Amino acid sequence: MENEKMQVNFAPGVTEATLRVIVAAIERVHRSGQYLSQAFARNIIVCNDSQIGFIDFEDDPGRYMPLERCQSRDYLCYLQSSAVWLQKHGLLDQAAAIWRQHAAGLPAALRTPIESAIRPIGWMRHLQAGFWGNDTLRLAALAALFEQEK
């Protein structure tokens, strides 16, 4: 690994393949009965060989919510943290298609909380002006990603 460079993607999703690999890596964690602490894009490492690593496990959401909610939260954290970047680079349609395909295979116990979390913010997809601030624009991009699904 000494000669192998690692690339930290603060906004993963440069290609459709990268998006698929990250979502699949999160799913592998979930299939092992685990969850991530903070599945934000900044905490995902993509190596040159397309292997995915996760960092930053200082929080334990499992202390406060059941496993399925923790796992749903992982997807929401990743999608929310990468949606603005995807939107800015014209990849929101691709990301929505990838998510739609992935979500179709999720059990209802994971899919339902995600859909419930997105429903109230759907209207935010119309907020585009910078004066709303970064957090609002991240939620607006997330809402736009889910709107692409329809």
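Buried means under 20% relative accessible area, exposed over 50%, and partly exposed in between (1.4 Å probe, protein chains only). Helices (H or I, at least four residues) are DSSP runs, numbered from the N terminus. The model is predicted, so local features need pLDDT of at least 70 and side-chain atom pairs pLDDT 80 or more, while totals for chains, interfaces and linings use all residues. Residues count from 1 along each chain as its sequence is written, and side-chain values use heavy atoms, without hydrogens and water.

Q: Which residues of helix α4 (residues 108-118) are buried?
A: Picture looking down the axis of α4: its buried residues fall within an arc of 135° (directions from the helix axis to the C-beta atoms). That's why they line one face of the helix. They are Leu110, Pro113, Ile114 and Ile118.

Q: What do the buried residues of α4 pack against?
A: Contact here means heavy atoms within 4.5 Å. By that test, the partners are α2, α3 and α5 (134-148).

Q: Which helix gives the most to the lining of the largest cavity?
A: α1 (16-31), α2 (67-88) and α3 (92-104) each supply at least two lining residues. With 4 residues, the top giver is α2.

Q: How many disulfides are there?
A: A disulfide is a pair of cysteine sulfur atoms within 2.5 Å. Cys70 is buried at 0% relative accessibility, and Cys77 is buried too, at 9%. The disulfide count is 0.
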